[in-house]
Structures are given as C-alpha cells and as structure tokens.
Amino acid sequence: MSSILLLLLLLYFSFGVSSISIGSRSILRSLGDPDPPDAAVDLNITNFDKVLRDSPASFAVVEFFAHWCPACRNYKPHYERVARVFNGPDAAHPGIVLMARVDCALKINTKLCDRFSVGHYPMLLWGAPSKFSSGGWEPNKEKSEIHAIDDGRTSERLLSWINKKIGSSYGLDDEKYENEHLPLNASDPGQILRALYDVEEATWSSFDIIFEHKMIKSETRAPLIRFLQLLAAHHPSRRCRKGSAEILMNFDDLWPSDLWSPYSENSAISHENNSLKSFHICGKEVPRGYWIFCRGSKNDTRGFSCGLWILLHSLSVRLEDGESHLAFTAICDFIHNFFICEECRKHFYDMCSTVSRPFNKTSDFVLWLWEAHNKVNKRLKKEEASMGTGDPKFPKMIWPPKQLCPSCYHPIRKKDDGTSQTEWNLDEVSKFLVGYYGNMLVSSYKDKVLLGLNGSKNSLVDDMVASTNAVAVPVGAALAIAVASCAFGALAWFWRSHQKNRKYLHQPHLLKNI
Ligand SMILES: Cc1cc2nc3c(=O)[nH]c(=O)nc-3n(C[C@H](O)[C@H](O)[C@H](O)COP(=O)(O)OP(=O)(O)OC[C@H]3O[C@@H](n4cnc5c(N)ncnc54)[C@H](O)[C@@H]3O)c2cc1C
C-alpha cells in the first residue's frame, strides 16, 4: 500500500495536478483499483421500466437479490465479472446484454419484486428488455418471454448460459477491442438496426465539439440554425428532434449575437460555466460513451465519423422533394463550418461546390450523398491500403456490396476492350437507401412507438397529437419543431412553385459510373 502511495506521489510531482486527476482512474486500474465501480446497473421501482425500455441492448439479465443475504454477497463478484463484459464504455461487448440488479430488501422495491415472483435470492431472469419493462414473470406460466436462468452460479456458468442462449462465444477475459466478436458481415442488413443509437451518439458528439471548440461565431450562427431546423424536423430519433427544437427555441439566450465580442457583457468568457456543456441534445441517456454499429476493431478507427455519415444519410431519406436542396445546403454548410476534420470538410465542400443545379427531388439528393460517400470510400480505400491506417475488419468499399443489394447492380456488361464495368441501377439504389436508412434504421428502436406510423414522415404529426402520451413533447418544443418543419415546409413550397416552370435539369446519368 505504501509503495502505491509513493508511486502516486511521484507521479503527482512529475506530471502535476491536472494530469494525475485525468489519468488517475487508469493508474489506479493498472495498480489494481481496490474498489472499481459496479458494472451491473442498480435499478429500483423508480427507474426500472425506463432504463430497460431505453436500453439499446437486445437482451437483459436481471438479478433479484437482498443486500443482507450472504449468498448474494458471495455471488456479487461472479455477476460483476459477467456484467463487465457487457456493460459500460469499457465493456468488450457493449449494447448486447444489459446486466442489472434489484435489491428486493429495500421497501420501495417490494412491488417490483412481487411483479417478478421473486421466491429466492439471488434469482436471475433473462429476456428482452422490453419484456421486463412492460411485464412481469410467473414461474409456472407457459410461453413466458422471460426465462429463469437455472445455471448461473459462477461467472463461467452464467456466461456460458448466455452464450448458449444467443449463439455467441463471448469470453470473460475478452478485451475491449478484440476483433473476433464483432459482427462483421457487411452484407448483413440486420446490422443497421441498432445504428440509431450511434446516430444519437454522433449528434451529441457534433454539438459537444461545437461547444467545446467555441465554434459558434457571428458568421456560423445562420448555418447552425439551418442545420438545427433540419434536425428538429427530420432527425430519425424523436428525442434528438425534441432536443434540437429546444436549442432552437433558446438559441438567442444561449448564444446572444454579441457573444463573441470581447467587450460584451455576454462574452464567451462569462458563458464558460453555463449549462451548454451539459446540454443533452438527444436526452439524458446520450452520450452512452460507446458505439454499437460504428464500433471499430481498434480504438479510434470508426465511431464519430461513421455515426455522422449515418445521420446525414438518414436525414436525406426523410425529406420531401421540395426540401431537398435546402437540406443539401444545410448539410454542406454544417460540414464546412463545424466538422472539425480539416481534410474531410474541405473535400466534402469541394464536392458540394460542384453541384451547379438545384436538387428538386429527394431521390436525387439521396443519390448525390451516396455518391459523395462512395467517392470518399474510393479515395480512402487507396490511402488506407498504402498507409495501413484503416480498420482491418472494416475495409473501405464501394457500397452497398452486391450481397446487401443485388438489385442495385445491373448485370455486368463487357466493354469492347474486354474489360467489364459495374453499372448501378439507380432506381434500385435509391429504393434500397430509403429502406435501409428509413424504416430499417428505426425498426428496432425502443422509442419507436413514439416515432409515428412508419417511424418517419408522419412522426411529427403523431408526436404532436400524442397528447395522452406520458412523454409528449412539451408545448414549447412542439412549437419549435413545428416552426422548424414549417420553415422547411414553407421554403419547400416556395421552392416547388419556383421550380414549376423550370425544366428538369438534374442529370442523374452522371451518377452512373463511380
Ligand atoms: C462528411 C464526411 C466527410 C469525410 N471525409 C473524409 C476525408 O476526406 N478523409 C478521411 O480520411 N476521412 C473522411 N471522413 C471519415 C471517413 O469517411 C469514415 O467515416 C471513417 O474512415 C470511418 O469509416 P467507417 O469504416 O466507419 O465507414 P464510413 O465510411 O464512416 O461509413 C459508415 C457506414 O455507412 C455505410 N456506407 C458506406 N458507404 C456508403 C455510401 N456510399 N452510402 C451510404 N452508406 C454508406 C456503411 O454501412 C458504413 O459502415 C469523412 C466523414 C464524413 C462524415
């Protein structure tokens, strides 16, 4: 113990106070942190339903225990060991199984434990999180969607029970960036299902970067407002739509137009400690601190930029025809002003600048964005191959591969010189993108009941008329969403009438050969 203290003191004096406080967790961990925080989530009657309903995990294990029970105390390290595999940002396999526990010895949990017929401690139940949040369990009930775990007495046995149940081969000592267990099949359309959680994470990250780097200046206010309007009207996640609307409503209070003047009373300095940094654009649950669909096999290879692409694609497919050019401008300006990767924003803006004729159909914009992304893929494929900087498990490719969308490809045609060329069936590509980034993206989202009929175009209307819904949008936020969507709608109407007499000028054939 004294040697640990000595080492910490040495580190303190060598690196200074701030560095040791930042790194103290990892230093302690490497020295064998005597009391790491619990990985299993402690739940009680007040948060049980909400945490399970909002969890991105496909499965949940809930341990019902009593804090006075010696067997439960002895079992805790076993349960924690498995929980560390699945829970939290340092988990090897986050977002797959939520590991939670409920202390039935606490009075407030009596009804909750009764709901699950807890007859002994510790008792483990397994099921989809939504089944826990919406129901209960009875031991003799046939066809129950919640099951008792009958063989989880040690961490090894519990993990092996889980592995058998979901056909996986997770190990207790899997490392965070261990490769074998990532779902890698690029042709598996099911992978997109949980990408919405990453879209939320990327949305939060974008704004966190904007706040952290004080990127809101007089010349960037307008592009930010336009992008927020786009998010408030068309973000695939309802809670991000709501958060964007709230920012819009309070925009002038948060960022007075003279904010960045050094002489202003409202100057940025006096705003340093305001609530912006803690502004949760997609609700309190975000950020979660990890990526699911966009998770790389190595640190720092995917994550935010992958989530940002998915956000842009999922916005593009939700537009009305008449909004497409406005959305295009909003996205180009947002990337130009706020994407902190210098090379990326420059290349992207160059591609934006080559568009000489306005878009007047959603599908044209959807295809333009898809093509722009493929151009980046093509360039990076070469760069990553020569520099070895890519993620070995996620090589860049012209997308979608044939296995994911066979109909996107015309039959291979041999050219006169004997070479062959891939030709896209653009109608099919467009249809595929709409399905993939539209309904598929939101189809497994736990919040989908609040997303409206198809989780897409009607969602705004549904949200606003859902007055019986317990988590209905507050009036102010609904108003701001309405204003944002009206702004897009009105401009779209103006756009459409403006276009009436113009010839259809866009040239989709340019997209054909990437
Ligand atoms: C606007 C923008 C510009 C960027 N420019 C650069 C740059 O110039 N240089 C650089 O080094 N990095 C750039 N990046 C980052 C880079 O494109 C990748 O995001 C990053 O390398 C991570 O790659 P990834 O494997 O996660 O796949 P990503 O390219 O991030 O793609 C994420 C997912 O989108 C899907 N997808 C792939 N291609 C398409 C497509 N054509 N259409 C629709 N969906 C698709 C796939 O499911 C893929 O897994 C840019 C990112 C963004 C958002």
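**Notebook: helices, domains and backbone details**

I began with helix α3 (residues 70–86), where E80 and R84 both sit, 4 residues apart, about one turn of the helix. I take helices (H or I, at least four residues) and strands (E, at least two) as DSSP runs, numbered from the N terminus. E80 and R84 form a salt bridge, with their closest N and O atoms 3.9 Å apart. The rule for a salt bridge is a side-chain nitrogen of Lys or Arg within 4 Å of a carboxyl oxygen of Asp or Glu. I noted 28 salt bridges in the structure.

Basis of the entries. This is a predicted model, in which local features need pLDDT of at least 70 and side-chain atom pairs count only at pLDDT 80 or more, while totals for chains, interfaces and linings use all residues. Residues are numbered from 1 along each chain as its sequence is written, and side-chain values use heavy atoms, with hydrogens and water left out.

Domains. I looked up how the chain is divided: domain 1 is 41–166 and domain 2 is 190–255 + 276–387. These bounds come from an automatic or database domain assignment. Taken over C-alpha atoms, the centres of domain 1 and domain 2 are 36 Å apart. In contact (heavy atoms within 4.5 Å) are 13 residues of domain 1 and 10 residues of domain 2.

I then looked up the area buried between domain 1 and domain 2, which is about 830 Å², with 49% of it from carbon and sulfur atoms. Buried area is the accessible area (1.4 Å probe) that two parts lose on being put together, summed over both. Of the area that domain 1 buries against domain 2, D54, P56 and P94 supply 54%, more than any other three residues. The rule finds 2 salt bridges across this interface. I also found a salt bridge between the side chains of R239 and D54 (4.0 Å, N to O).

Helix pair. I looked at α7 (residues 195–212) and α11 (residues 304–316), which pack at about 105° with axes 8 Å apart. The axes are lines fitted to C-alpha atoms, for helices over the stretch in contact, and angles run from 0 to 180 degrees between N-to-C directions. α7 and α11 are therefore roughly perpendicular to each other, a label for angles of 65 to 115 degrees; under 35 is roughly parallel, over 145 roughly antiparallel and the rest oblique. The residues that meet include D198 and I209 in α7 and F304 and L311 in α11.

Backbone. I found a cis peptide bond between Y121 and P122, with omega about -15°. P122 is in the loop between α4 (110–115) and β4 (123–127). The loop between α4 and β4 also holds S117, a residue other than glycine with a positive phi, near 45°. The bond from V286 to P287 is cis too, with omega near 10°. P287 lies in the loop between α10 (251–254) and α11.
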